[in-house]
Amino acid sequence: MEDDAHMPIPAAPHHRSLLAATATLAVAALAACSSGGADASPPSATASASVSATASPSQAPGTVTLVTHDSFLLSDGILDDFTAQTGITVKVVQQGDAGALVNQLVLTKDAPLGDATFGIDNTFASRAVDEGVVAPYESAAPAAADSATHPGGPGLTAIDYGDVCINVDHAWFTKHHLAEPVTLDDLTDAKYKNLLVVPNAVTSSPGFAFLLATIGAKGDDWQAYWEALKKNGLKVAEGWSDAYYTDFSGGGADGPRPIVLSYASSPPETIPKGGGDATTGALLDTCFRQTEYAGVLTGAKNPEGAKKLIDFLLSDEVQADIPGSMYMYPVSTAVQIPEDWQKFAPLAPAPFDVAPGDITANREAWLAQWSQTVVG
Amino acid sequence: MTTLTRVSATPAQRPVRGGAGWPMGVFWALAVVVPLLFLGIFFAWPVVEMVRRGFVVDGSLDLSGFADVFSRPRTWRLVGLTIAQATVATTLAVLLGIPGAYVLYRRRWRGRAAVRALVTVPFVLPTVVVGVAFRSLLVSGGPLGFLHLDGTFVAIVAALVFFDYAVVVRGVGGMWERLDPRAEQAARALGASPWRAFRTVTLPALTPAIASAASLVFLFCATAFGTVLILGGLKFGTIETEIWVQTTQFLDLRAAAVLSVVQLVIVGLALTVAGRARAHRERALALAEPVSRPLSLRRPAGSPRRDGHGLALAAAGATAFVVLLLCLPLVNLVVRSLRVGDGWGLDHYAALGSTGGVLTVSVWTATLTSLRTALEATVLALVVGGLVALVVSRRPRAAAGRRAVAGLDALFMLPLGVSAVTVGFGFLLSMHEPLGLPIDLRTSGVLVPIAQAVVAVPLVVRTVLPVLRAIDPRLRHAASTLGAAPGRVLRSVDLSLAARSIGLAVGFAFAASLGEFGATSFLARPDNPTLPVLIFRLIGRPGPDSYGMALAASVVLAVLTASIVAACERLRSPGSGGEW
């Protein structure tokens, strides 16, 4: 295929104008028939109309495009409030997971996909910074000082964070009269043989985060630790959903294993319908902290709009919505954390840490060694 | 390009009557150029752009990646595994699919339409859902846990056959039901046993359709991604999973490009083999109105022994067994979607109408988006695929022309054999102001139906082509001798015969578009997600409610698919849909 570089224009010269015309027509027709549904968003239209009367001319007009991953979500109407405040309509485009997102941003940096991005995490942050994906911007929003306590590199503004931790099924351990594990080392104890399932570190971002937790905890001995896990009957599932719903006993689908890698924020979702205590819990001595950043894309068409959007992501309105919609902790200390979370989703007091630069430098090597160790 | 121009000219060189020659020439030229443009812009260009990034470093060609990638033992293991799982799964799917095609298309019985639709369902389910449906059966403690198949090669192959059984059944069945039964009856009258008559008369006639279907299945298996990862775990990576890892996790475009080329070579070889098998056997066949005999378990009264009843029963038994196996994961899915807390109920289905605080749109809205997108994709695929099938069904006299036709045929199969990651990422590189047009197609959402159509085109071609190729040229000669202009011949012979297989093609293309989640998941999508995307999001969230909703939404997708496929099949039956 690499010889076919001229494929897109496959005709003799005298056909070219006809072909170009056909292509233009086809593309235009497709654009017309496909955008019908996407454009119909009356709420934002009315919102911007009502605001335009009061909007000052210096405000960034038009649309700002936010490029983000598949897990991005805010409650209904929040982005409309942004439009009401600024006159700017937000177009959200989503693709793949955090890894795919960063790599796509790197590949398209000469012609960026949008104006702002959200969802670059600390395991990919230094790649994004090194590749110059984000332009310098320091938010002056009230929560910016809180955000700055999670530094990610120039141009990256921390929006939320959370802990990836081992979760246990309380009900299972009660039923089997077994004490729950507490530390990473407990997981290699023969008492817990064949009980642990984790997502694949190569294909799943929480899976990789857990690998980083063990690297942070064990330093150069991390491979020996994984060998011990393997000897103790470790199960590796493809992704988080696979591990949590098929293999884990406490996810609501009755799998066989009572210990799973998930998030510190997962337990509140297992509070029984009628109320009471969460049936699962996170082991806070096994965690790696993930931080998600936003940034203005280099070469953005609407950098001013992008900056306003990042400030908005740090606003109390968005920050307070984050736990419920994205299962992460807001960086802002000014907003209230949901009651369930205070009780069942506390943060790890001292999560394990690996410097972002080390992660970028060693990602491939670590994953290769991990595969070698775990697959054998 | 000259060879292709010649192809388009060849049919027009036939003696033409009246002034109809010029429009026909233009028609054939367009029939070649439009599909080529479509494939060139929306497939070849993105792929070439992506591969080029891997081989061109700072403006100069760097092929050192080949030596590097090939010196890793891992690469060879992955190549071996890719070929092994695709070959085994294809063989199994064909062996099981042929009796299935017979029972579901050649024999008539109550409930046939429902079972035909049912076997298509697995084909469109998102892999993450199939993963749940399959693995929760196989996992230790699950209903089939005692088989210890979780994470084995057998589990992968079983899942691949689960996905692709319908491809063989529909591909072969569509041909079989139109086969004139008199040839086989003649062989039987001359004393051949039922088995011998099948082997020497029917099987050779079906070979092109079988080869067609087998090549499709092989391509689907060779590029299977989610299935392999979910069911096989770490041990059973393939070239496709490796391309995904290298591209989305490591951004090692050099390694990804090398692997893309390797994948292309394997796919090219498979297509060549299938093409050979087809060409040997492909000939004009006497096609008839769909014929099917009633199927009954008891030997019809008064019929002699050795009437093939045993053979029919064996086929029916094999098919019943396969359908039962197909049902297991599907039933598992339905049962799980009805599970509410410790009891049972329709709560998760009731929740589908709301956004449940965890979605941007409700499942019903996403369903509408899916239907609209799939409809657009189907129309595109039908136009492009129909034209390709028409061109490829010609038999130019010149050898160069024949080679060009075969090349065109293979070319349009490639989208199934090239990594969705490569295509998806390639779109990002190529679709910013494509062809100098001042629009950014990448984030417009337009590419979603296009990416689906690119995948659906080969399905349309493979469904319509065997029927077109089997048309006796003498029919066309007779028509033109009777004074029909070439355009009229095309309409009244080719189109009217092919139209009956179009229902099958529409159903197939629609189903494929509904379920497509490969390239689509790498496209920048505006926030009106399709159903598979929504399901993927739901199942990525913790909590029994998200899980239950994801499964309920999957059941909706399955039912939707089955109904549409069944409706499309009805279009074909004479009388109900007419000669459309």
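Visitor: Which residues does the domain assignment of chain A give to domain 1 and to domain 2?

Guide: The assignment, whose bounds come from an automatic method or a database, gives 50–161 + 291–330 to domain 1 of chain A and 162–289 + 350–375 to domain 2 of chain A. This is a predicted model, in which local features need pLDDT of at least 70, side-chain atom pairs count only at pLDDT 80 or more, and totals for chains, interfaces and linings use all residues. Residues are numbered from 1 along each chain as its sequence is written, while chains are lettered from A and ligands numbered from 1 in the order in which they are written.

Visitor: What makes up the contact between these two domains of chain A?

Guide: The C-alpha centres of the domains lie 30 Å apart, and the contact (C-beta atoms, placed from the backbone, within 7 Å) takes 16 residues from domain 1 of chain A and twelve residues from domain 2 of chain A. On the domain 1 side, α4 (98–107), α5 (125–130) and β5 (157–169) of chain A each give two or more residues, with the largest share, four residues, coming from α5(A).

Visitor: Why is α4(B) called oblique to α9(B)?

Guide: Helix α4 (residues 73–106) of chain B and helix α9 (residues 194–222) of chain B pack at about 140°, with axes 9 Å apart. Angles under 35 degrees count as roughly parallel, over 145 as roughly antiparallel, 65 to 115 as roughly perpendicular and the rest as oblique, and therefore α4(B) is oblique to α9(B). Their crossing is right-handed, and the residues in contact include Ala86(B) and Ala93(B) of α4(B) and Ala214(B) and Phe218(B) of α9(B).

Visitor: What makes α15(B) and α16(B) roughly antiparallel?

Guide: Helix α15 (residues 363–392) of chain B and helix α16 (residues 399–411) of chain B pack at about 155°, with axes 9 Å apart. Because this angle falls in the class over 145, α15(B) is roughly antiparallel to α16(B). The crossing of α15(B) and α16(B) is left-handed.

Visitor: Which residues meet between α15(B) and α16(B), and how many of them are nonpolar, polar or charged?

Guide: Val388(B), Val391(B) and Val392(B) of α15(B) meet Val405(B), Leu408(B) and Asp409(B) of α16(B). Ala, Val, Leu, Ile, Met, Phe, Trp, Tyr, Cys and Pro count as nonpolar, Asp, Glu, Lys and Arg as charged, and the others, Gly among them, as polar, and by these classes the contact has five nonpolar, no polar and one charged residues.

Key. Axes are lines fitted to C-alpha atoms, for helices over the stretch in contact, and angles run from 0 to 180 degrees between N-to-C directions. A crossing is left-handed if the near helix is turned anticlockwise from the far one by less than a right angle, and right-handed if clockwise.
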